[in-house]
Each structure stands twice: as C-alpha cells, then as structure tokens.
Amino acid sequence: MNGDGIEDVLATSSRQDFKITLLSKSLFLDKEGREYLAKWDILPSMCLLKFRYDVHVSKDNIEEFLLCLFRNQSFLEQFKVRTGRGKQEPLGSLKRMNTALENGLKIQFSLIPATVTNMGFFDRLYEHQVAREKGAILKCFPKDINGFPITDKLRLTLLDDQDDLYSIFSESDRKELIFKIFQHLCLGGPYCQYEDELEHYLNVTKDYYKNFVSVS
C-alpha cells in the first residue's frame, strides 16, 4: 500500500515487467454527470478503474502489458463483468478466468482509434436534421432494431444501417473512441430514460473523452 494508490502489484510476463498500480475506482464525472448515468440506466453495468504503470506502452509491447494486467491481483479483484445471472462479479471470481490463468492466458484485443480532437465531430447531427439548431432531437416513426426501441432520429442514425442517416458517420468514424462513448450513452441500459435534448449526451461524452484521452 502507498499514499498514491490502493495497491502495488508486480505482474510479470515472459519478456517484460510492468508495475501496475490501481489508483482509484471512479466514474470521472461530477454529480450532474452521475445523475445522467443513473437516468440512462448505465451505472448497473459500468466499471471504471484507473491504473498507473511504469513502462511506456506501445504497439510493440501492448500484448505483454495486457497479459500483465489480466494477471494483476487488483485488476482481477476490482474489475467486474456482467454475468449470465444478470449481476456484476469480479473477473477473478469466474471459474473460466481462473482456468485460463492456470492453463496459459491468451489475449485478443482491438486497438480503438482516438484521433478526434474536438466536439465538432458531432456537428453533422445538426447539419442533417437529426437535432434542431437549439438541440431538440427530432422524432421518427417508432420501430425496433435488435431489441432497441427507436423513436427518434438520433437512435435511427446510430443503429439503422438501412436508413440514409446512418451514413453520416462512416465506418471509420464509428470505430473512434468518442463515437463509441457517445453511442453507449445514447442507447443506455434496459431501463434508460431518453433525453429530448442532444446537448446532455454531448456534454457527458465530452467529459468522459477528456478523462480517457490526453494530447501529447
């Protein structure tokens, strides 16, 4: 234990050592932001952890880093996943995870680009009449897509690949971290109370993106 973090654990891979420290469990939002997460029913399935590590991570060693992270005791105890029983459980408590650790853990991962530098990325939602100039989200004829009730043009844009609005974000746009955050917030959980104003989604997206990405 130390004054800066919760716990220090030295996780070792075959080629490189990473000292990984759990700094905090935090939603990275103010009170208003947390209230929106509750309203959108995202809190029950959300787990955010902040770690510090002592070796620069690049494309050359990211697999080694992830192997170390998934063997880190703090990560296994604190990182929670949604199980088939409809609740969150620590990753380290799952039988299949312990089996993987015993038999030789293998990692599959995808690199998510974070090249967007400002919120102008979402201006097209106004330009294509998904939302009015003052922020009101336009409605559409109700429909259902993969279990999501669609009642407005925002969710039509996010989910309906047969609709013209879907194409205002390219496939590369949709791979961006900021888009994934925005989409997750807009769709919410099973008991999500949707917003009528686009600004609320954009503000929380901006707050999260600033916390996740640093410009160097």
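Which helix gives the largest share of the lining of the second largest pocket? I found H9, with three residues. (Helices are DSSP runs of H or I with at least four residues, strands are E runs of at least two, numbered from the N terminus.)

Ground rules next. This is a predicted model: local features need pLDDT of at least 70, side-chain atom pairs count only at pLDDT 80 or more, and totals for chains, interfaces and linings use all residues. Residues are numbered from 1 along each chain as its sequence is written, and side-chain values use heavy atoms, without hydrogens and water.

I stayed with the second largest pocket. Its volume is about 230 Å³. (A pocket is an open set of points on a 1 Å grid over the protein atoms alone, where a 1.4 Å probe fits, with protein on both sides within 12 Å along at least five of seven lines; lining residues have an atom within 4 Å of a point.) The lining has 12 residues, and Val 116, Thr 117, Asn 118, Tyr 209 and Lys 210 lie nearest the centre. By class I noted seven nonpolar, three polar and two charged.

Then the largest pocket. I read a volume of about 2200 Å³. It is lined by 42 residues, with Tyr 53, Phe 65, Ile 112, Leu 177 and Phe 212 nearest its centre. E3, H2, H8 and H9 each give two or more residues to this lining. H8 gives the largest share, five residues. The classes are 29 nonpolar, 10 polar and three charged.

Last, the pair H8 and H9. Their axes, lines fitted to C-alpha atoms over the stretch in contact, come within 9 Å and cross at roughly 135 degrees. The crossing is right-handed. The contact (heavy atoms within 4.5 Å) includes Leu 177 of H8 and Phe 212 of H9. I counted 13 nonpolar, one polar and no charged residues there.

How values were computed:
Grid points are joined across faces, edges and corners, and a volume is the space filled by probe spheres set on the points. Ala, Val, Leu, Ile, Met, Phe, Trp, Tyr, Cys and Pro count as nonpolar, Asp, Glu, Lys and Arg as charged, and the others, Gly among them, as polar. Axes are lines fitted to C-alpha atoms, for helices over the stretch in contact, and angles run from 0 to 180 degrees between N-to-C directions. A crossing is left-handed if the near helix is turned anticlockwise from the far one by less than a right angle, and right-handed if clockwise.
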